[in-house]
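Here is a short briefing on one protein model.

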Amino acid sequence: RFQTFRRTITETDIVNFISVTGMLEAIFIDTTFEQGAIKGRPAPGALTYGIIEGFVMQSMVQGTGLAMLEVHKKALAPVVAGDTIWAEIEVTGIRPTSTGNRAIVTSQIDVKNQHGKDVMTYTAVRMLAGKPEA
């Protein structure tokens, strides 16, 4: 079990993300949109997920990642510009494969904001490489 870095979501993050992905929904591009249920400048859930996965890549997966096999994700609360997000990660399973020095690794990722409130949770199943055989 470990914690990731923390990162504050900025207006620039949101604008760049929706521009590159084409998520041109009114809730993300129109600051006068009043029909939404979220106060503030909401970030797409995919942006929250992507930033946390970047943290995962920089830590537990760096140099060992072979494939993302499965993800089960649930958004629990909105993330808006100015929120700081981070995650607690727990490796919940390691199953060696029959080929090479690899394993199927399952982890539980709980994403939190600056108040420690859960904003997203997901389970990821990845194929990771182990230490090279001597």
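**Pocket, strands and a lysine**

By class, four nonpolar, three polar and four charged residues make up the lining of the largest pocket. The model is predicted. The volume of this largest pocket is about 170 Å³.

**Pocket lining**

- Charged residues in the lining include Asp30, Glu34, Lys39 and Arg41.

**Strand pairing**

- Strand E6 (residues 118-129) runs antiparallel to strand E3 (residues 65-75), and nine bridges join the two.
- Gly65 has Leu128 of E6 as its bridge partner.
- E6 also pairs with strand E5 (residues 102-112), in the antiparallel sense, over eleven bridges.
- Ile104 has Met127 of E6 as its bridge partner.
- Five residues lie between E5 and E6 in the hairpin that these strands form.
- Gly116 sits in the turn of that hairpin, with a positive phi of about 80 degrees.

**Lys112**

- Lys112 belongs to strand E5.
- Is Lys112 buried or exposed? Its relative accessible area is 11%, under the 20% cut-off, so Lys112 is buried.
- The Lys112 side chain makes a polar contact with the side chain of Asp118, at 2.5 Å.
- Leaving out residues up to four places away in sequence, Lys112 touches Thr84, Ile85, Trp86, Glu88, Lys117, Asp118 and Val119.

Technical notes. Residues numbered from 1 in each chain as written. Predicted model: local features only at pLDDT ≥ 70, side-chain atom pairs only at ≥ 80, totals over all residues. Heavy atoms only, no water. Pairing = 2+ DSSP bridges. Helix = DSSP H or I, 4+ residues; strand = E, 2+ residues; numbered from the N terminus. 1 Å grid on protein atoms, 1.4 Å probe; cavity = no way out; pocket = protein on both sides within 12 Å on 5 of 7 lines; lining within 4 Å. Points joined across faces, edges and corners; volume = space filled by probe spheres on them. Buried < 20%, exposed > 50% of the residue type's maximum accessible area, 1.4 Å probe, protein only. Polar contact = N/O pair within 3.5 Å; in protein donor to acceptor, adjacent residues only side chain to side chain. Contact = heavy atoms within 4.5 Å.
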